[in-house]
Protein chains: 2
Amino acid sequence: MSEDLLTMKKQTAEGRDENGQRVSAGDRQASLIAAAASLFAAKGFNGTTTKEIAKAVGVSEALVFKYFPTKRTLYAAILAEKVTVNELLDVVEAAVTKRDDHRVFTMIASYRIRPGADSTFLRLLLFSALEGHELSELFFGKHHKVFYDYLAAYIRTRIDDGAFRSVDPLLAARAFIGMVVHHRLLHEIFGVPMHQSHETTVATYVDLFLAGLIRMPIGRKSSSRRLR
Amino acid sequence: MSEDLLTMKKQTAEGRDENGQRVSAGDRQASLIAAAASLFAAKGFNGTTTKEIAKAVGVSEALVFKYFPTKRTLYAAILAEKVTVNELLDVVEAAVTKRDDHRVFTMIASYRIRPGADSTFLRLLLFSALEGHELSELFFGKHHKVFYDYLAAYIRTRIDDGAFRSVDPLLAARAFIGMVVHHRLLHEIFGVPMHQSHETTVATYVDLFLAGLIRMPIGRKSSSRRLR
DNA sequence: TCATGGTAAGTAAGTCTTCACTCACCTAAA
DNA sequence: TTTAGGTGAGTGAAGACTTACTTACCATGA
């Protein structure tokens with residue numbers, strides 16, 4: 001009996017936190033979501049096993065199913081969790097009211113290029129779109145669409161101001177975000193080496209794009225906007 | 001025994017072409033590659049089973065393994081098959097020597113937007129990159145890198161001509177192709193509805209981008225390039 | 001200050017299914 | 001009669017999900 005307890009202690013030490021304490025349901029769910037997110041991002045939904053997820057968290061596979069009745073449920077929980085963008089919009093607000101084009105575009109571009117940190121996010125988004133999960137639409141709609149619409153709205157007001165040429169605002173917004181996202185894609189997904197810093201890249205893109213958008217007063221020399 | 005033969009007759013009618021003839025190894029391989037390509041594109045490598053592939057072609061699963069010893073071999077065969085871009089470059093050549101910027105950019109953009117036809121291609125490329133197949137690098141290098149390098153080279157000569165502003169050519173090339181590819185991505189992968197025709201979109205993108213790139217002579221009114 | 005019992009956290013060891021891949025065999029045609 | 005296209009019926013491994021069970025924690029009343 002006493003030796004039984006001893007071996008027990010050693011075995012059951014797995015499903016505990018660093019202090020050997022049992023973990024609350026909420027915390028456990030959170031850590032499962034986090035682990036699953038990075039695994040799904042790395043290997044896709046079909047490429048990841050529930051066993052792996054359990055192992056990453058250091059618990060038994062059975063526990064995963066206690067909190068999430070199916071693998072898909074877990075996936076859904078991840079997507080639901082990731083839907084929070086609004087921070088950005090507040091930050092940009094000031095630049096928007098000041099009509100500081102350069103700053104608005106730079107901030108939007110930089111937000112998405114935030115290096116490393118959320119590279120899992122892009123992968124997750126792509127995977128869910130490719131694998132065609134029902135949730136990916138919601139995911140995209142709630143998280144990404146915001147950017148396009150926001151930027152498009154800004155471009156529209158600038159056109160009304162007479163500052164930008166008259167282009168389809170949504171198309172222009174997509175074009176700009178496309179440049180930036182594509183750059184991330186090349187780097188983070190395809191592993192293309194980049195020889196410039198993120199800042200330089202963003203600066204170049206913003207500069208190029210605004211140069212194409214801004215309605216120049218007659219006689220202004222475009223080369224005054226020469227890069228670097 | 002006799003009834004055994006009867007059922008046999010009916011079952012073996014499967015692995016034949018429309019004339020009831022047996023199919024040559026080459027043709028069979030080709031049809032397997034085609035079927036596998038569209039399945040992998042739709043559901044990813046891990047999401048597709050060899051049984052499905054066999055069924056799509058109308059043969060037994062065993063036959064798949066007769067031609068392709070492993071599932072990965074089949075995958076490799078698809079990627080190897082898809083590596084052929086050079087057609088485009090010949091077509092663009094004329095526009096390049098004429099320094100017809102508008103046409104060069106439009107052709108490159110249009111090639112990739114070629115509607116429908118090769119939507120499987122984009123998916124396949126993304127899937128293989130995400131799932132991290134060793135082959136995806138080769139795939140990307142042989143098929144896609146060409147575009148970036150080609151366009152970058154063109155931009156470089158135009159800068160030397162004094163026609164374009166001095167920008168990092170590769171970055172600019174990526175930016176342009178990024179706009180276009182991203183547009184396809186939104187449409188074909190994320191299912192975002194597009195309210196413009198492909199032509200209009202490409203025209204807008206080319207126009208926007210060139211406006212940002214072209215070094216305008218003093219006094220030229222940019223609004224003369226107004227869209228639509 | 002304890003037992004003590006209800007409950008929530010946790011597990012080992014399955015079950016059932018599917019999947020990549022094999023094997024022994026068949027048969028049309030050259 | 002050989003050979004190349006073709007098959008049904010497996011096999012072992014792995015994966016999603018269950019089941020029956022074991023703790024640890026904590027509130028409650030004696």
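**Chain B and its contacts**

Modeller: In this predicted model, a salt bridge joins the side chains of B:Arg165 and A:Asp207, with 3.5 Å from N to O. In total, two salt bridges are counted between chain B and chain A.

The size of an interface is often given as the accessible area lost when the parts come together. Here chain B and chain A bury about 4800 Å² between them, and 69% of this lies on carbon and sulfur atoms. The contact involves 55 residues of chain B and 55 residues of chain A.

Within chain B, a pair of helices may be examined next. Two packed helices are described by the angle between their axes and the distance between the axes. Helix α11 of chain B covers residues 169-189, and helix α12 of chain B covers residues 198-213. Their axes come within 11 Å and cross at roughly 160 degrees. Since angles over 145 degrees count as roughly antiparallel, α11(B) and α12(B) are therefore roughly antiparallel to each other. The crossing of α11(B) past α12(B) is right-handed.

From α11(B), the residues B:Ala172, B:Ala175, B:Phe176, B:Met179, B:Val180 and B:His183 meet B:Thr201, B:Tyr205, B:Val206 and B:Phe209 of α12(B). Of the residues in this contact, eight are nonpolar, two are polar and none is charged.

Conventions. Residues are numbered from 1 along each chain as its sequence is written. Chains are lettered from A and ligands numbered from 1 in the order in which they are written. This is a predicted model: local features need pLDDT of at least 70, side-chain atom pairs count only at pLDDT 80 or more; totals for chains, interfaces and linings use all residues. Side-chain values use heavy atoms; hydrogens and water are left out. Axes are lines fitted to C-alpha atoms, for helices over the stretch in contact, and angles run from 0 to 180 degrees between N-to-C directions. Helices (H or I, at least four residues) and strands (E, at least two) are DSSP runs, numbered from the N terminus. Angles under 35 degrees count as roughly parallel, over 145 as roughly antiparallel, 65 to 115 as roughly perpendicular and the rest as oblique. A crossing is left-handed if the near helix is turned anticlockwise from the far one by less than a right angle, and right-handed if clockwise. Contact means heavy atoms within 4.5 Å. Ala, Val, Leu, Ile, Met, Phe, Trp, Tyr, Cys and Pro count as nonpolar, Asp, Glu, Lys and Arg as charged, and the others, Gly among them, as polar. Buried area is the accessible area (1.4 Å probe) that two parts lose on being put together, summed over both. A salt bridge is a side-chain nitrogen of Lys or Arg within 4 Å of a carboxyl oxygen of Asp or Glu.
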